[in-house]
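Please keep the sequence and the model in view while reading.

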Amino acid sequence: MGLFGKKDKLQIITFPTYGTEGHFYVRGRTLEDEEIDLAQKGWFHLVKNTYKRFETDELRNTPIEFKLADGRTLLSTTDKDGYYLVDRPLDNLGDLADEEGWLRYELSYSSAFLTREIKSDNRFSGQMLIPTANSTFGVISDIDDTILHTGVASFLKWKALFNTFFKSTSARIPLKGAAELYHQLHRGKDGKMANPIFYVSNSPWNLYRYLEFFLQRNHFPKGPVLLRSMGAILGSGKTKKPHKAHEIENILKTYPRLRFVLIGDSGEHDADIYKEIDQQYPGRVLAIYLRDVGHGKRMERIRSLFDTAMKTPVCFVEDSEQLAEHAKALGLV
């Protein structure tokens, strides 16, 4: 709701997702357009935009329509929080993807709902990744303190909270060399691959545009960004497994012929999750890389996790250069 009770225009936020040649899997959210400008500078704009990201006016139980490049259409409806999810079999999707594997689609509010002013002439674009045959492996990476300085290991996570809510994306600093490293992994050993990159974080979907802007601004390779709902963070809608573990398992199940590199840090529970994934899916993990975030006791515990003999290479690194050297020795880049 805008100032003086004026209703804002409607928008549809599409999250980059992943699927297969025979399965259409897309998700996003319908919201009023709060006109957040992430490029704005200054304390006032920062606080205002932070508030707008979490004080959302969603369009619940709302019909929307998807249109593919070959003319096929699908219908769906948002849930009580304005989220939509389409997860269904659909043939010949690979024919619609580009050389990098990205399938583009359009979506709109159904004509029966056009009683409100809608942004972009009621035409919004989305993308779904279908890894191409020109992929030798995939990369699943954490975001916080893995490619983005956050401070999740700080006392009561105060640094993480301050950096997330009170720093603009232009002030956020990527870990040195991370973008170049991820492009190397994306292109593979011969520099001609199209290895898929998946970004997984415990952050809420409210921060999607913020993280998307950061990834684009710092030239990271494009990939699905997998976050979680505020309901899951606050305790409702809990799954049996941690969010990251759940998302990683879904990726491995979706692409049973693809092996993966897992990249995380020593600040949270990446090591425990990655070790469990490696044990549950033997032979599927090519390597595990964990960045040292400078917390001695946690790093000591994490190293002890991998004291037992493991077939999968595990490397503890301090910077992107060390990771690149190890990956080169394995023939990944």
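A salt bridge is taken here as a side-chain nitrogen of Lys or Arg within 4 Å of a carboxyl oxygen of Asp or Glu. The model under discussion is predicted. By this rule the structure holds 11 salt bridges. Side chains of opposite charge can pair when their charged atoms come close.

D270 forms a salt bridge with K244, with the closest N and O atoms 2.8 Å apart. D270 belongs to helix α7 and K244 to helix α6, so this pair ties together parts that are 26 residues apart in sequence. Both D270 and K244 are buried. K244 also meets the side chain of D142 in a salt bridge, at 2.9 Å from N to O. Because D142 lies in strand β9 (residues 138-142) and K244 in helix α6, the pair ties together parts that are 102 residues apart in sequence. The relative accessible area is 2% for D142 and 4% for K244. Since buried means under 20% relative accessible area, D142 is buried, and K244 is buried as well.

D272 forms a salt bridge with R301, the closest N and O atoms being 2.9 Å apart. This pair links distant parts of the chain, with D272 in helix α7 and R301 in helix α8 (residues 296-305), 29 residues apart. How exposed are the two partners? D272 is partly exposed, with a relative accessible area of 27%, and R301 counts as partly exposed at 38% relative accessibility. Apart from neighbours within four places in sequence, D272 is in contact with R301 and L305. The C-alpha atoms of D272 and F306 are 9.6 Å apart in space, and these residues are 34 apart in sequence.

Charged residues also form a network: salt bridges link K241, E249, K253 and E276. Of these, E249 is found in helix α6 (residues 243-254). E249 is buried, with a relative accessible area of 9%. Not counting residues up to four places away in sequence, E249 touches K241, I277, Q280 and Y281. With Y281, the side chain of E249 makes a polar contact to the side chain at 3.1 Å.

Attention now turns to the sheet. Strands of a sheet pair through backbone hydrogen bonds, either parallel or antiparallel. In this model, 6 strands form an open sheet in the order β11-β10-β9-β12-β13-β14, and the pairing is parallel. Its edge strands are β11 (225-228) and β14 (314-317), each of which pairs on one side only. On average, neighbouring strands of this sheet are turned by 20° against each other, direction ignored. Strand β9, which contains D142, is joined to strand β12 (residues 260-265) by 4 bridges, and the two run parallel. S141 stands opposite I263 in β12. Helix α3 (residues 178-187) packs on the sheet, touching β9, β10 (197-204), β12 and β13 (285-291), and its direction makes about 135° with that of β10. Helix α4 (residues 208-217) packs on the sheet as well, touching β10 and β11, with its direction at about 155° to that of β11.

Which residues have the most contacts inside the largest nonpolar core? That core has 39 residues, and the residues in question are I147, L185, Y199, F220, Y289 and L332. Leaving aside neighbours within four places in sequence, the contacts of Y199 include S141, I143, I147, Y182, L215 and F220. A second, separate core of 26 residues includes F198, L226, Y255 and L258.

The backbone deserves a final remark. Most residues other than glycine have a negative phi. N92 has a phi near 60°, a positive value in a residue other than glycine. N122 likewise has a positive phi of about 60° although it is not a glycine. N92 lies in the loop between β6 (83-89) and β7 (102-109), and N122 in the loop between β7 and β8 (124-129). Is each of these two residues buried or exposed? N92 is exposed, with a relative accessible area of 51%, whereas N122 is buried, with a relative accessible area of 13%.

Terms used. Residues numbered from 1 in each chain as written. Predicted model: local features only at pLDDT ≥ 70, side-chain atom pairs only at ≥ 80, totals over all residues. Heavy atoms only, no water. Contact = heavy atoms within 4.5 Å. Buried < 20%, exposed > 50% of the residue type's maximum accessible area, 1.4 Å probe, protein only. Polar contact = N/O pair within 3.5 Å; in protein donor to acceptor, adjacent residues only side chain to side chain. Pairing = 2+ DSSP bridges. Axes fitted to C-alpha atoms, helices over the stretch in contact; angles between N-to-C directions. Core = buried A, V, L, I, M, F, W, Y, C linked by side-chain atoms within 4.5 Å.
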